[in-house]
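Here is a short report on one protein chain. Look at the model first, then read on.

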Amino acid sequence: MPQWVEAGLWGLVGGVALVLGAAVAWWVRVPRRVVAGIMAFGAGVLISALAFDLVDEAQRSGGLVPTAGGFLGGATVYVLINVLLARRGARHRKRSGDQQPSEQDTAGSGAAIAVGALLDGIPESVVLGVSLLGGGGIGVTVLAAVFISNVPEGLSSAAGMKTAGRNARYVFGVWSGIAVASGLAALVGNLLLRSASPATVAAITAVAAGAILAMIADTMIPEAFERTELYTGLLATIGFLTAFVIEHAG
């Protein structure tokens with residue numbers, strides 16, 4: 001199988017976790033405290049993966065300057081786009097309660113939420129595609145982190161969409177589209193960076209890592225803390241340790 005095809009399939013696997021989470025939210029009434037707890041755990045998993053698998057590897061392969069520049073740049077771009085989307089109704093896109101506005105409350109919020117969800121998912125998918133470039137197969141820790149974190153993301157956001165009165169066609173259309181986009185992002189990332197220099201690959205990896213960290217702080221942790229409060233830190237720590245163990249056990 002061509003490597004770029006494999007990258008696309010792994011990106012799709014990560015995206016499908018969002019659809020799985022949305023399906024659970026649509027047909028099963030999951031307590032918001034449970035959703036928040038899983039979200040905190042997923043945040044810890046992602047932080048571990050970006051610290052040990054993304055930023056550290058980028059620094060070792062491409063150097064400190066490209067890594068630091070890319071990391072800061074990724075976070076900055078994510079935050080700027082997120083601010084624009086927040087003003088159009090996507091600020092609480094990962095909230096499971098009644099914070100998300102309906103289309104009647106804020107016209108165009110449905111499209112903004114969809115674009116915001118896409119913004120959250122693309123950096124993770126690019127990382128999955130790039131992780132194959134070394135020829136050693138998919139990065140298991142990164143894949144596990146993306147999948148584990150995407151389930152509660154899809155669950156929480158879909159629950160909020162349902163509460164806001166959005167129908168099943170919108171909810172599953174959004175998450176199915178993002179799953180496909182995730183596969184395409186991983187595929188394109190793998191193709192475009194196949195012949196890139198180590199410094200370029202490191203910079204792109206760091207850009208994605210910076211965007212992921214900004215996303216965790218802006219969207220995942222607020223949802224987690226709202227319900228789990230003082231237990232958020234412990235649950236995130238357990239998630240961090242889980243990803244760390246997966247990395248070193250493998």
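Start with one stretch of the chain. Residues 170–193 are 96% helix and 0% strand, and their end C-alpha atoms are 34 Å apart. Helices here are DSSP runs of H or I with at least four residues, strands are runs of E with at least two, and both are numbered from the N terminus. Another stretch, residues 7–27, is 100% helix and 0% strand, with 31 Å between its end C-alpha atoms.

UniProt, in an unreviewed entry, lists "transmembrane region" at residues 7–27, 34–52, 64–85, 128–149, 170–193, 199–217 and 229–246. UniProt positions follow the numbering used here, feature names are shortened, and annotations may be inferred rather than shown by experiment.

A word on the source. This is a predicted model, in which local features need pLDDT of at least 70 and side-chain atom pairs count only at pLDDT 80 or more, while totals for chains, interfaces and linings use all residues. Residues are numbered from 1 along each chain as its sequence is written, and side-chain values use heavy atoms, without hydrogens and water.

**The whole chain**

The chain has eight helices and zero strands. Its radius of gyration is 17 Å, close to the 18 Å that the globule rule gives for 250 residues, so the chain is as compact as a globular protein of that length. That radius is taken over C-alpha atoms, and the rule is 2.2 Å times the number of residues to the power 0.38. Along the principal axes, the C-alpha atoms fill a box of roughly 50 × 35 × 35 Å.

Of the 250 residues, 49% count as buried. Buried means under 20% relative accessible area, exposed means over 50%, and partly exposed lies in between (1.4 Å probe, protein chains only). Contact means heavy atoms within 4.5 Å. Among contacts with a separation of 6 or more, 84% join residues 24 or more positions apart.

The chain carries 15 positive and 15 negative side chains, and the centres of the two sets lie 8 Å apart. Lys and Arg count as positive, Asp and Glu as negative; His and the chain ends are not counted. Each charge is placed at NZ of Lys, CZ of Arg, CG of Asp or CD of Glu.

| Residue | Relative accessible area | Contacts |
|---|---|---|
| Pro-101 | 16% | Gly-89, Thr-106, Ser-109, Ala-164, Arg-166 |
| Ser-182 | 3% | Gly-11, Leu-12, Gly-15, Ser-125 |
| Thr-232 | 9% | Ala-40, Ala-224, Phe-225 |
| Ala-209 | 0% | Leu-50, Leu-54, Val-55, Phe-71 |

Where does Pro-101 lie? Pro-101 is in the loop between helix H3 (64–90) and helix H4 (109–130). Gly-89 is twelve residues from Pro-101 along the chain, and their C-alpha atoms are separated by 6.5 Å.

Ser-182 sits in helix H6 (residues 168–192). Its contacts include Gly-11 and Ser-125.

Thr-232 belongs to helix H8 (residues 232–249). Ala-40 is one of its contacts.

Ala-209 is part of helix H7 (residues 198–228). Ala-58 is 151 residues from Ala-209 along the chain, yet their C-alpha atoms are 9.8 Å apart. Is Ala-209 buried or exposed? Ala-209 is buried, at 0% relative accessible area.
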